[in-house]
Amino acid sequence: MLIAAKLEEVLAAKAVKALIDEAILTPKPGLVDADNSGAHADMSLEHMLTSAYALEETFREIASISYLHPVNQELREKIAAIGRQGEQTMLSATNGVNTHKGAIWALGLLVSAKATNPEEQNPIKILETAGRIASYQDRYRPTSYTHGQAVKKKYPVMGAEEEAQLGFPHIRHASLPALINARTLGKTEDAARIDALLSLMATVDDTCILHRGDWADLVEIKSMANEFLEYGGFATEPGRDIFQYLSAYCKSKRLSPGGSADLLAATMFLVS
Ligand SMILES: CC(C)(COP(=O)(O)OP(=O)(O)OC[C@H]1O[C@@H](n2cnc3c(N)ncnc32)[C@H](O[C@H]2O[C@H](COP(=O)(O)OP(=O)(O)OP(=O)(O)O)[C@@H](O)[C@H]2O)[C@@H]1O)[C@@H](O)C(=O)NCCC(=O)NCCS
Ligand SMILES: Nc1ncnc2[nH]cnc12
């Protein structure tokens with residue numbers, strides 16, 4: 001078994017690598033990538049990378065506090081405090097740009113889950129443990145109103161919180177199988193990751209999309225992402241065409257699938 005100090009380093013490095021791999025994956029519809037900033041006027045690749053590196057200490061602290069810790073209310077509240085501090089670290093590093101709030105949440109929970117039982121290798125079990133941790137009430141949660149809360153008042157959707165509490169169903173049923181299938185089919189790693197991202201965009205009720213856009217936008221984006229996958233992705237001309245159309249749609253309407261991007265990073269953390 002890895003000793004605690006080494007485990008902290010390994011898990012924090014893996015979480016940061018997942019954030020970097022997600023940021024540099026190119027092309028991505030509506031998201032910041034190595035070519036452009038997608039639907040974002042205030043965010044660049046530099047913001048994403050600076051934020052990722054700044055968060056290493058946050059993930060290390062989460063791993064350290066979670067090491068062999070029982071899954072209980074105390075653990076939930078300890079990592080919530082570190083996660084909230086991590087959000088401040090992110091905002092300081094990016095001059096106030098919200099690059100990774102959802103990713104701190106998802107990856108923070110996965111780092112914690114893995115550290116509670118370092119022997120566990122099965123991604124599904126790690127997701128289940130993360131779901132159990134997320135299901136304890138966070139009694140010190142600030143009362144401030146978030147975009148996710150505003151969206152959930154308007155539409156009957158699950159946001160980032162429910163996604164985690166249910167053990168990340170979209171990772172289990174969409175991105176993890178999509179990534180593994182694409183690798184098995186011999187696709188390049190970038191093509192496999194793009195398939196995984198689009199499998200999330202085809203299914204996730206992304207509160208980032210619903211906050212900037214509306215229900216019709218979410219339906220349209222899901223439908224185009226589905227078509228991309230059905231056409232065989234970048235391997236076919238109709239697949240490439242629909243990807244261009246989806247990217248143009250997101251950019252012209254300022255729509256960003258930030259929640260799907262976070263879940264892709266979480267997927268890569270599990271099966272790097
Ligand atoms: C419980 C929390 C998840 C808070 O949840 P809530 O829904 O209240 O909070 P939000 O502020 O809306 O943030 C949730 C972020 O999660 C991502 N996301 C969205 N939809 C989903 C989904 N269906 N499944 C999974 N993840 C999802 C998304 O993050 C990305 O988008 C961010 C930018 O989004 P947004 O704020 O809307 O846009 P801005 O650019 O800021 O504004 P505009 O320009 O549009 O005006 C970006 O950061 C991506 O990461 C959502 O934003 C949880 O966060 C919490 O309580 N944390 C406290 C600490 C804690 O307990 N930690 C424990 C583990 S560390
Ligand atoms: N690549 C990306 N672009 C914009 N928002 C994001 N949130 C997480 N990853 C992102």
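**Entry 1: the shell around ligand 1**

I looked up which helix gives the most to the shell around ligand 1, and found that α5 does, with seven residues. The model is predicted, and I read every entry here with that in mind.

I then listed the helices that each supply at least two residues of this shell: α4 (73-93), α5 (101-116), α7 (147-154), α8 (160-165), α11 (207-212) and α14 (258-270). In total, I find 36 residues surrounding ligand 1. The closest are Gly83, Gly102, Gly108, Gly148 and Gly259.

I next sorted the shell by class. I recorded 15 polar, eleven nonpolar and ten charged residues around ligand 1. For this count I note that Gly is placed among the polar residues.

**Entry 2: secondary structure**

Followed along the sequence, the pattern reads α-α-α-α-α-α-α-α-α-α-α-α-α-α.

**Entry 3: overall dimensions and packing**

I asked what radius of gyration the chain has beside that of a compact globule. For 272 residues the globule value would be near 19 Å, and the chain has 18 Å, so I record agreement. I also took the extent of the C-alpha trace along its principal axes, which is about 50 × 40 × 35 Å.

On burial, I noted that 47% of the 272 residues count as buried. On contacts, I considered those between residues at least 6 apart in sequence, and found that 73% of them join residues at least 24 apart.

Definitions and conventions:
Residues numbered from 1 in each chain as written. Chains lettered and ligands numbered in written order. Predicted model: local features only at pLDDT ≥ 70, side-chain atom pairs only at ≥ 80, totals over all residues. Helix = DSSP H or I, 4+ residues; strand = E, 2+ residues; numbered from the N terminus. Rg over C-alpha atoms; globule rule 2.2 N^0.38 Å. Buried ≥ 20, exposed ≤ 12 C-beta atoms within 10 Å, placed from the backbone. Contact = placed C-beta atoms within 7 Å. Near = placed C-beta within 6 Å.
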